[in-house]
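I opened my notebook today to look around one model, a step at a time. Here is what I looked up, in the order I went.

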Amino acid sequence: MVVASKILNTINTPCHELVHPWVTSCCDASTGLLIHSIQTSFRIYVTTYMLTLLMKGRKPTKKELKRTLLSILQSTAFLSCHSFGFLSAVCLLRRIFGNFNVLSIASLPCSLSSLVAILIERPSRRGVLSLYVTNVLGKSNQGTIRKAITGIHQAYYTINSELKTIWTSDICPHTYGCLYYILSSGTRLFLVGYALQLSLKSLLQANQILRKPSYILKLMISSDTFRLGAFLGGFASIYRIVSCVMRRFLGKDSKYICIPAGSLASLTYCLYRNNTIALYVMLKTLQIMYVKGSNNGLFPDLPQANIFFYCFSTAILSHAAILEPHNLRPSYWKFLQSLSGEIIGTVDRYYLDTFGLKSSESLEIVLKKNKHVPSHVFKF
């Protein structure tokens, strides 16, 4: 009981007094450790990979040298991430919790840094590395760890196996049960969308996170962070649910099932309203329809059709930039201004008013919105 009570104790001391006494700043400590770990890791892997290359007993090809160099850099990043990530995670958790505890001092930061590091390393080496670190633990801990790993694996295998046998049907073309078919895709896409959104938000607000590390927790539970994942996972799940239900209702599979399934699944777009995604889906749908129609002889087969559509789309953008600039996105207008040396903004729209599109008025709206008027804009 005494030992158990002590485990719950916390250490209320600054990071530099406990973890990096050589410098008071957490950022300086992490940066210094990163530089040192890169140098050390690079020397280790240069020696390892070059010896492996020399042991082949023949002159390496350019392709082998290039692959070896990339492997050295990738493994160096992997190993450096361990030390840099560990110290950074220790300091970050200290600021989040306000103190050190038995988890935040070693196991939790090590888990976080290891997760990021192993994702950096080549997939072919991950199994070997996992086996290696498992085998260098103490003898007294090996049995416990192996039992824990075995228990987790068996639990996952049992749940996974059960899901594959629930709600099965010979009508559906997928291999396993419908519930597994629905959850496997929906869960995976939800996690992908969530991770992408969280990563993007973290990068865009990195300065705020550095000033206040606990802010990342706010990002992790923010409803906006879940929107992309909810859209992707929800779309896949609803599409598959409707498809399975329709097959059972009709008693057969049909290519026309995709129409109600896709229509209902598209409602999840309300969770993540993004014009880029909407336009991409629309254009991709038109492209698929054209290709299928062309293959079936409904539409003419245009050689180099992609070049034609590119030129056609670019022409529309050019028309808008010159005659109706208010119809362009502000970001694209700025891009064209930068690309053309602001020439796009100097075209005399007063002459173009002849076409009845109010081009000069449109330009004034755009320039006021961007709060920038080129010094050489023609005005009469």
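**Entry 1: a starting residue**

I began with Val242, which lies in helix α11. Helices here are DSSP runs of H or I with at least four residues, strands are runs of E with at least two, and both are numbered from the N terminus. Before going on, I noted that this is a predicted model, in which local features need pLDDT of at least 70 and side-chain atom pairs count only at pLDDT 80 or more, while totals for chains, interfaces and linings use all residues. I also noted that residues are numbered from 1 along each chain as its sequence is written, and that side-chain values use heavy atoms, with hydrogens and water left out.

Is Val242 buried or exposed? Val242 counts as buried because its relative accessibility is 13%; buried means under 20% relative accessible area, exposed means over 50%, and partly exposed is in between, with a 1.4 Å probe and protein chains only. Leaving aside neighbours within four places in sequence, I found Val242 in contact with Pro260, Ala261 and Leu264. Contact means heavy atoms within 4.5 Å. I also looked up Val242 and Cys258: they are 16 residues apart in sequence, and their C-alpha atoms are 8.7 Å apart in space.

**Entry 2: the whole chain**

Next I stepped back. The chain has 18 helices and zero strands. Of its 380 residues, 26% are buried. I then took the contacts between residues at least 6 apart in sequence, and 60% of these join residues at least 24 apart.

**Entry 3: helix α8**

I moved on to α8, which has 27 residues. Its first and last C-alpha atoms are 39 Å apart, close to the 39 Å expected at 1.5 Å a residue. The expected span is 1.5 Å times one less than the number of residues. The buried residues of α8 include Cys178, Tyr181, Ile182 and Ser185, and what covers the buried residues of this helix includes α9, α10 and α11.

Ile182 and Tyr239 are 57 residues apart along the chain, yet 8.7 Å separates their C-alpha atoms.

With neighbours within four places set aside, Tyr181 is in contact with His174, Arg240 and Cys244. Tyr181 and Arg240 are 59 residues apart in sequence and 7.6 Å apart in space, C-alpha to C-alpha.

**Entry 4: two loop residues**

Trp167 is in the loop between α7 and α8, and its phi is near 60 degrees, a positive value in a residue other than glycine. It counts as partly exposed, because its relative accessibility is 35%.

Lys358 also has a positive phi, about 55 degrees, although it is not a glycine. I found Lys358 in the loop between α17 and α18. It counts as exposed, because its relative accessibility is 55%.

**Entry 5: helix α5**

How far apart are the end C-alpha atoms of α5? They are 24 Å apart, which agrees with the 26 Å that its 18 residues should span at 1.5 Å a residue. I noted a bend of about 25 degrees at Pro109, the bend being the angle between axes fitted to the seven residues ending there and the seven starting there.

The buried residues of α5 are Ser104, Pro109, Ser113 and Ala117, and they pack against α4. Ser104 is buried, with a relative accessible area of 0%. Not counting residues up to four places away, Ser104 touches Val90, Leu93, Phe97, Asn99 and Pro109.

**Entry 6: the largest pocket**

I finished with the largest pocket, which has a volume of about 1500 Å³. Of the 34 residues that line it, the closest to its centre are Leu92, Val116, Ser202, Ile209 and Ile216. On a 1 Å grid over the protein atoms alone, a pocket is an open set of points where a 1.4 Å probe fits, with protein on both sides within 12 Å along at least five of seven lines, and lining residues have an atom within 4 Å of a point. Grid points are joined across faces, edges and corners, and the volume is the space filled by probe spheres set on the points.

Which helix gives the most to the lining of the largest pocket? It is α4, with eleven residues.
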